[in-house]
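Welcome to this tour! Open your viewer, and we will walk through what to select, stop by stop.

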Amino acid sequence: MIAKMITKRLLVSLVILFVVSLLVFVATLLLPGDPAQAILGQQATPERLEALREQMNLNDPVWVRYFTWIGGLFTGNLGYSAASGGPVTALLSDRIQASLVLMGLAALISIPVGIVVGTFSALKRGRAFDHAATGTTLVLASLPEFVIGIGLVALFSTSVFKILPSVTMAPPGEAVWNYPVQLVLPTITLVLVVTPYIVRMMRGTMLEVMNSGFVEMARLKGVPERQVVLRHAVPHALAPVAQVIAIQLAWMAGGVVVIEFLFRYPGIGQALVDAVNNRDVQVVQAISILIAAAYIVVNLLADLVGILTNPKLRTEKAS
Amino acid sequence: MSTVEEVVAQDPVVARPPRLLARMMRQPQAKLGMVLTLVVMFLALAGPLLTPWLTGHTSTEFTGRPFTDIGIFGTDNLGRDVFSRFLDGGLRLIVYAALATALGMVVGVAVGMTAAYSGGRVDALIMRGNDVLLALPQLVFALLAITVLGPQGWVLVVVIGITHAPRIARVTRSATAAVITEDYIRASEMYAVPKWKILLTEVLPNITGPLMVELGLRMTYSIGFVAALSFLGLGMQPPTADWGLMINESRIALVVQPWGVLLPVAAIAVLTVGTNLLTDSLARASADMNVGNKK
């Protein structure tokens with residue numbers, strides 16, 4: 001039963017990924033003008049244009065180009081950037097790493113913090129801590145990500161304190177983690193955007209679990225309160241929270257764009273904004289499909305967690 | 001017709017929405033949210049009318065050298081009056097966000113109700129299409145569209161509306177599914193009332209609760225979204241006065257001229273917090289009343 005559901009979910013993801021790739025590909029076909037002309041400029045001779053068209057496979061029929069492009073995704077050949085002329089893969093490989101570092105750090109901080117704050121908030125329901133946590137998360141959840149980022153910059157690097165750099169300035173070719181101070185503000189911004197949702201979900205499910213029969217039973221047996229919370233309540237509250245966490249991770253794949261732009265962080269998000277500004281189709285295509293793929297995979301993981309932790313599906317064996 | 005009869009006649013029509021709103025407004029956080037929202041709304045709506053009269057300058061006029069203290073909040077990097085630009089910069093943001101939200105609501109509600117009411121293959125087809133649209137992060141979808149179509153006002157509105165629609169459709173579909181099994185729907189069907197009329201006059205009034213919550217949520221997101229795109233330089237284009245664009249243009253000079261960034265940031269923050277407080281209390285009021293949200 002479970003295996004069947006998982007296979008079905010996997011297949012659905014593959015189909016969605018395929019349709020999304022079609023969508024991304026077709027979007028670039030709608031673009032007016034000739035990409036070869038865009039790269040070489042108005043002065044280019046017809047021979048050079050023809051040569052570049054041949055190199056970019058622009059003379060092939062559309063469906064051949066689609067499959068060449070898709071094939072390139074798997075072999076790491078993503079075409080050539082119209083703005084710089086260099087291969088897209090070389091442009092992106094460092095940036096993907098940098099973005100992953102940023103998102104990984106943010107996830108490492110926000111997941112435990114969100115779970116702990118949410119749990120405490122639920123245990124201290126109606127007290128000062130709970131009110132503070134609920135109010136703060138509500139406000140943070142409503143603010144757009146760049147507003148939070150600018151607020152932090154104003155607070156920590158320009159107007160009030162001047163202790164943290166507001167932009168990332170790692171020299172090209174060097175890894176971002178060699179400059180840990182520059183990672184602080186982008187990471188905190190991302191954490192502040194993502195954590196509120198985890199806190200709110202954790203608080204909600206913890207309240208539900210703490211009111212349930214098995215927790216009352218454990219208490220009646222005389223289990224110490226600490227153990228009731230840690231052994232009985234929290235593990236049960238984690239399953240729904242895991243889904244929210246996964247959704248937040250998926251959100252990060254897209255939301256990181258604005259934050260990277262704000263801090264001039266050398267990741268894929270900033271590359272995407274630059275590429276859109278330059279109308280650099282190959283790069284936009286490559287990054288869109290990358291982000292979409294990451295988004296689909298994380299959402300898939302979220303659903304798998306949901307399927308695996310759903311006790312109803314565990315007991316329902318041969319139906 | 002006497003006044004008494006008039007009241008009785010109107011009663012069933014107007015009874016529910018005021019009750020939901022009244023319940024919402026009884027919560028203190030809704031009052032706070034209403035005040036915050038109205039303050040920024042007033043600033044944004046009245047601002048463009050006040051500019052030359054209150055500050056002495058229009059929003060795009062060069063009033064002096066860059067970063068001097070002329071006027072209340074000084075000048076920006078091109079010597080334009082920051083306060084004038086601030087007053088003039090909110091209207092477009094709010095109008096675009098409202099239009100995008102309205103478009104998303106109309107499309108999403110129509111699609112969601114059709115899917116739930118038709119059921120079967122139509123339902124499955126629509127919801128699978130939904131899944132595909134949901135698989136692209138909203139921002140990436142918007143950037144893709146802007147690459148192809150260029151940064152223009154209608155592109156912003158359409159793209160944000162379209163990316164909202166599948167999310168709204170999902171909510172509408174589940175709310176509708178809970179309502180269409182009711183007896184009064186079956187009664188209307190037996191009278192051979194056309195489908196679209198049943199959806200508009202029987203189903204829609206009974207799912208206003210979740211839809212209003214969704215409306216508030218999407219409005220909050222739309223404001224952030226329009227502002228973020230302008231902030232990325234891909235929404236409003238210079239020399240338009242716009243809060244998102246102002247932040248983008250002035251953030252390099254945050255140390256010398258903080259007002260150019262802080263005023264619009266504060267306005268956007270207050271507005272989104274206000275709308276979200278309203279939405280949150282609306283959600284509670286609607287959950288208490290259990291309108292159309294039966295499980």
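Helices (H or I, at least four residues) and strands (E, at least two) are DSSP runs, numbered from the N terminus. With that in hand, select chain B: it has 13 helices and zero strands. This is a predicted model, in which local features need pLDDT of at least 70, side-chain atom pairs count only at pLDDT 80 or more, and totals for chains, interfaces and linings use all residues. Residues are numbered from 1 along each chain as its sequence is written, chains are lettered from A and ligands numbered from 1 in the order in which they are written, and side-chain values use heavy atoms, with hydrogens and water left out.

**Stop 1: chain B by itself**

Of the 295 residues in chain B, 52% count as buried, where buried means under 20% relative accessible area, exposed over 50%, and partly exposed in between (1.4 Å probe, protein chains only). Contact means heavy atoms within 4.5 Å. Among the contacts in chain B with a separation of 6 or more, 72% join residues 24 or more positions apart.

**Stop 2: where the chains meet**

Now show both chains. The contact takes 41 residues from chain A and 43 residues from chain B. Next, select L144(B), T147(B) and V148(B): they supply 17% of the area that chain B buries against chain A, more than any other three residues. Buried area is the accessible area (1.4 Å probe) that two parts lose on being put together, summed over both. Between chain B and chain A this area is about 3,500 Å², and carbon and sulfur atoms give 79% of it.

How many salt bridges does the rule find across the interface of chain B and chain A? The rule finds one; a salt bridge is a side-chain nitrogen of Lys or Arg within 4 Å of a carboxyl oxygen of Asp or Glu. Select R200(A) and D280(B) to see their side chains meet in a salt bridge (3.4 Å, N to O). Then colour α13(B), which gives 10 residues, the largest share of the side of chain B that touches chain A.

**Stop 3: the cores**

A nonpolar core is a set of buried Ala, Val, Leu, Ile, Met, Phe, Trp, Tyr and Cys residues joined through side-chain atoms within 4.5 Å. The largest one has 127 residues, and those with the most contacts inside it include F146(A), F231(B) and W243(B). Helix α10 (residues 225-263) of chain A gives the largest share of this core, 16 residues.

Zoom in on F231(B). Leaving aside its neighbours within four places in sequence, its contacts include F146(A), I150(A) and F261(A), as well as L245(B) and I247(B). Finally, select Y117(B), I185(B), I207(B) and L211(B), which are among the 13 residues of a second, separate core.
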